[in-house]
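Have a look at the sequence and the picture, and then read on.

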Amino acid sequence: MSTFTRYFFNVITASGADNDVEGAEFASLEEARAEAVLDARELMSTAILDGRDVSGRSIEICNEAGETLLVLPFREAISTTE
């Protein structure tokens, strides 16, 4: 039986943080990172359609104790190879 951990995805911007108060459960930090990549891509896509560049933002993945486990810069969510 696998155990799940609740992770929180805070979006870090130049003006501060948009804190995730609900979180989501994943079997591993790697799975949480994969979700953060998808979230970053979605946020960037929406911003591009609005004519904004948010590629300088990042997602901070924290545990229930509020400890930062991983920081994913939005730029790491996109491939630079063709």
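How many positive and negative side chains does the protein have, and how far apart do the centres of the two sets lie? There are 6 positive and 16 negative side chains, with the two centres 6 Å apart. In this count Lys and Arg are positive and Asp and Glu are negative, while His and the chain ends are not counted. Each charge is placed at NZ of Lys, CZ of Arg, CG of Asp or CD of Glu.

Before going on, a word about the model. It is predicted, so local features need pLDDT of at least 70 and side-chain atom pairs count only at pLDDT 80 or more, whereas totals for chains, interfaces and linings use all residues. Residues are numbered from 1 along each chain as its sequence is written, and side-chain values use heavy atoms, with hydrogens and water left out.

**The overall plan**

The protein contains 1 helix and 5 strands, arranged along the sequence as β-β-β-α-β-β. Helices (H or I, at least four residues) and strands (E, at least two) are DSSP runs, numbered from the N terminus. The C-alpha trace spans about 45 × 30 × 15 Å along its principal axes. Of the 82 residues, 30% count as buried, a word that stands for under 20% relative accessible area with a 1.4 Å probe, protein chains only.

**How the strands pair**

Two strands pair if DSSP finds at least two bridges between them.

| Strands | Bridges | Direction |
|---|---|---|
| strand 1 and strand 2 (residues 16–18) | 3 bridges | antiparallel |
| strand 1 and strand 3 (residues 24–26) | 3 bridges | antiparallel |
| strand 1 and strand 4 | 5 bridges | antiparallel |
| strand 4 (residues 58–62) and strand 5 (residues 68–73) | 5 bridges | antiparallel |

T13 has G16 in strand 2 as its bridge partner, and T5 stands opposite F26 in strand 3. V11 is paired with I59 in strand 4. Two hairpins are also there to spot: 2 residues link strand 1 to strand 2, and 5 residues lie between strand 4 and strand 5, where G66 in the turn has a positive phi of about 85°.

**Inside the protein**

Which residues touch the most other members of the largest nonpolar core? They are F9, I59, I61 and F74, in a core of 16 residues. Strand 1 (5–13), helix 1 (29–49) and strand 4 each supply at least two of its residues, and helix 1 gives the largest share, 6 residues. A nonpolar core is a set of buried Ala, Val, Leu, Ile, Met, Phe, Trp, Tyr and Cys residues joined through side-chain atoms within 4.5 Å.

Contact means heavy atoms within 4.5 Å. Leaving aside neighbours within four places in sequence, I59 is in contact with residues including F9, V11, A36, A40 and F74.

F8 belongs to strand 1 and is buried, with a relative accessible area of 14%. F8 and G23 are 15 residues apart in sequence, yet their C-alpha atoms are 4.2 Å apart in space.

S58 stands opposite P73 in strand 5. Not counting residues up to four places away in sequence, S58 touches N10, V11, I12, V71, L72, P73 and F74.

Terms used. Buried means under 20% relative accessible area, exposed over 50%, partly exposed in between (1.4 Å probe, protein chains only).
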